[in-house]
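Please look at the sequence and the three-dimensional structure shown here before reading on.

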Amino acid sequence: MTPLGYARPRDVADALDRAAAPGAMFIGGGTNLVDLMKLGVETPAALVDVGRLGLDRIEELAGGGLRIGAAVRNSRLAADARVRQRYPVLAEALVNGASGQLRNMATVGGNLLQRTRCAYFQDTSADCNKRVPGSGCSARAGDHRNLAILGGSPACIATHPSDMAVAMVALDAVVNVRTPAGTSRTDVRELHRLPGSTPHIETVLAAGSLIESVDLPAPVEARSTYRKVRDRASFAFAVASVAAIVQLDDRRVRDVRIALGAVAPRPWRASAAEDVIRGESPSTALFESAIAAELADAEPLRGNAYKVPLLRNLVVRVLCELCGVDPPVRSLA
Amino acid sequence: MTSLDSALEVDAERLTDADGTLLRVDGPDKVTGRAVYAAEHHFADQAYAVPVTSTIAKGMIMAIDVADAEVVAGVLTIISADHAPVLPEGDDGELRLFQSHEVAYRGQIVAAVVATSLEAAVEAAGLVRIRYDEAPADVLLRTDHPRLYAPEHVNPDFATDTTVGDVEAQLAQADVVVDATYTTPGEHNNPMEPHATIAVWDAGRLTLYDSVQGSQRARRAVAAALGIDPDDVRVVYQFVGGGFGSKGSSRPQAIVAALAAREVDRPVVCVVSRAQMFTMTGYRTPTIQRVQLGATADGRLTATAHDVWEQTSTIAEFAEQTAVATRHMYAAPGRRTTHRLVALDVPTPAWMRAPGECPGMFALESAMDELATACAIDPVELRIINEPDLDPETGTPFGDRRLVQCLRDGARRFSWAERRGRGPQRDGAWLSGVGVASSVYPARAQTSAARATAYPDGRWLVEIDAADIGTGSRTALLGYAAECLAVSADRVELRIADSALPAAMIAGGSMGAASWTWAIGKACAELQQRLDRSDGSIPALGIAVEVSTKDEVAALPDVSRFSFGAQFVEVRVNTDTGETRVPHMLGVFSAGRILNPVMARSQLIGGMTMGLSMALMEEAILDVELGYVVNHDLAQYHIATHADVPSIEVHVLDGGRSDLGRAGAQGVGEVGIVGAAAAVANAVHHATGIRVRDLPIRLDRLLPC
């Protein structure tokens, strides 16, 4: 039988050291990695458990922000009074994810680094450039109903499935990363790379890097919400989601931050839409043109073209509600 | 009228509810883990078999390389077409394992590794390397397929096509015509407990600890597949974690376990994985259904045509009886039903809760709703207008047809007329609407045997090879036996679920309750007569009576027997996102005598919930290139969660009594799913004006693109 190493180091230096061994992988809650191991998608030689590194704290930052340890469980983060009060959009996103049991296991670091749920990535008998570089993509001709309309490439149209990360991108969160060489900081919105011709390289992190924590900048006076659309009422990944934070200033939108989920290979910051809206007087027409600007580069396929009107309707609705504008009354027929 | 919702207050000490209904007698064992399911039996020297499955959908196996696999520590043997005993020809190609190098579908068992540990077997299974000569696979059902054919009959023995009157002439003359095509996707039974078998050989006799819906069919199927005498096969299946039809026939894991156990000469366990349940254990065929209804302007049906296209595999025939319910539902002078089948490079479809009626009534009851709209008649009234006096297909009288009462009672409880008449309601982005559909399922019984024994200390033993696949039949039958013997249930021991007991019907076709109570009732009555005739003394070994209902079942009068129901549904549809949610379902059913209201309630609610899943979520997503179901796990193949099912209300009409035996019971396992999906689709139409004819009602099918 193939032996599998397992270590539960007590300090970060030891963890980094162990992770440098060939075939070693970090494991947090294991809610995704263990599945992938059962499926044969991941075949690590050793697992380095990051659960005992002291990374399970939520700490105050100077100026009113929070530092969230990478090993903090999703359920605890969602229930934290400071998170609920200062970053309600994050708490909303968290409780919309997975199930109660999974949230009790899943960690912040693991949630950020979870893999796509593209069916072909998870099936070793199918072609997948992300799993086996150069093998092809079964999804493009096959089932891609829930795959990307933004940011994809001919090689890969996988989506990042997280809810939590979408809220973090809207909040301008920053990850603190440790490597044997030292520490570094990366915006969550820059953490995931777009696939291009190398979809197997999913993040900007160097091999063996460890996410230690996520910093949430000091909260601003704003209205925010997280809205998730899915195929059933609970326990399903999004088909589209939006995290929106709006600062209104005397009938004008002083600032707006919009992040989209389940439509791109990474949590998608809708900068083009934000640029249209910022400084303007809120209206349905403004929001329609903003999301149209964001979707101008969308590349929908036969099976996921519905995400274009879905995103438009969803974003316009959410922004109208946050800005106190009457939303458009739509019919389906 | 009995509201089954009242039957929930529990008297914990007596394990009955407030009305004295016996609660689940094996509930404590199940929730504490004491109940032993098939794979949980354990033998000291047992080995583990893990199937290796094909990664192509059609072609030939050119080479099976086991060099890396067989050297894994603990591997005992590897069975494949290169190394397998010769099995007899048979009509179930799914059980004829390892006899050919031909691949019939992707996911077919092509080898099995047997090892002393599950881990070793899994690892070695991954190291079996198979080289294929792949051929183009044909996995897509379509109405213009050149290989479509009319099967000899549809399941189990119904005419493939029927015609009454001149359908085309009636359609040509009709004031109003509905002509629409509906589709349902492949749907997969996913009982919580996967199929599993432990096979134990002892001097040429085989015992299977199996997860099946009945043992008699299982022992015959396994014996035929192995070429041994059915009397040399015993099947024990004390606890079964759900079946929904998929455990009605034996599955290949039983053959793998039996072959492996014989070869390695020790007990072998084989458990189907969740992913394998999407290929090895049957599924509901996708269907394409054209329904044409002709009617007078005032809504009287003059013609009903229901033409069905569906699939089977190349290694066994399974012909779903999709249009059969249409033969019995509504009066009309013209009627046609047809079924066409095509054998594709796919796993063989099999039974799934209300096979035939469930997909067929989605189409018929959707079309009836379309006709109601076209005629501007209330959909409840339209159904009542077309209520037949006699079975429209056969002219025989109905046994206990109370569809109209179900519709009227449900309409009253649901405030149907008022809510329907109000039209769709808007609440922000959400539109709400209401819909209705009829339910129907045959009421039948099959010959069963039972034995009843009286003991001198006042105890009673009742034995029958009945199944409890999670439905609560162990509880309902115990209650019924106690009633027959006029003693309290704690004086009666009931033994079921073992082929060594008197042979009985499987838990299938909603026939269990009627078949088993018939035999139990007869055994108990004859035992009482024996005791009445005796001097009152009972020997230590007891006095036993064994009976069969063969003569009674054969002597049943020619009557059309069905359970009926009416389902009322409220939906909310989000006009921004296309999301559909179902806040409320209400079902009223007529199903003979309800043996145990608590068990019946959960069966009917379960059926309606599964119908809700069918309406909104369940879908085998086919990859035509790769030739398989892509979403082969429960993260991707969605079924309803609790959050999707906020409120389901169930009522049964009082006074029901069928002539199927003394109890007058009819099964309730299947009628609840029938019509539910149509009721949801009809409500979506009421809310939005959109008619969804292709299930499931996904949000992208409602969003304008």
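This is a predicted model: local features need pLDDT of at least 70, side-chain atom pairs count only at pLDDT 80 or more; totals for chains, interfaces and linings use all residues.

Residues are numbered from 1 along each chain as its sequence is written, chains are lettered from A and ligands numbered from 1 in the order in which they are written, and side-chain values use heavy atoms, with hydrogens and water left out.

Chain A contains 13 helices and 12 strands; helices (H or I, at least four residues) and strands (E, at least two) are DSSP runs, numbered from the N terminus. Its radius of gyration is 20 Å, close to the 20 Å that the globule rule gives for 333 residues, so chain A is as compact as a globular protein of that length. Here the radius is taken over C-alpha atoms, and the rule is 2.2 Å times the number of residues to the power 0.38. Along the principal axes, the C-alpha atoms of chain A fill a box of roughly 60 × 50 × 35 Å. Of the 333 residues in chain A, 54% are buried, where buried means under 20% relative accessible area, exposed over 50%, and partly exposed in between (1.4 Å probe, protein chains only).

How many residues does each chain bring to the contact between chain B and chain A? Chain B gives 38 residues and chain A gives 36, contact meaning heavy atoms within 4.5 Å. About 3,100 Å² is buried between the two chains, and carbon and sulfur atoms give 57% of this area. Such buried area is the accessible area (1.4 Å probe) that two parts lose on being put together, summed over both. On the side of chain B, Asp576(B), His638(B) and Leu699(B) lose the most area to chain A, together 17% of what that side buries.

Within chain B, helix H3 spans residues 118–125, and its buried residues are Ala120(B), Ala121(B), Glu123(B), Ala124(B) and Ala125(B). These buried residues pack against strand S4 (47–53), helix H2 (67–70), strand S6 (75–80) and strand S8 (109–115) of chain B.

Ala63(B) lies in strand S5 (residues 59–65) of chain B. Leaving aside residues up to four places away in sequence, Ala63(B) touches Arg129(B), Ile130(B) and Arg131(B). Ala63(B) and Ile130(B) are 67 residues apart in sequence, yet 5.7 Å apart in space, C-alpha to C-alpha.
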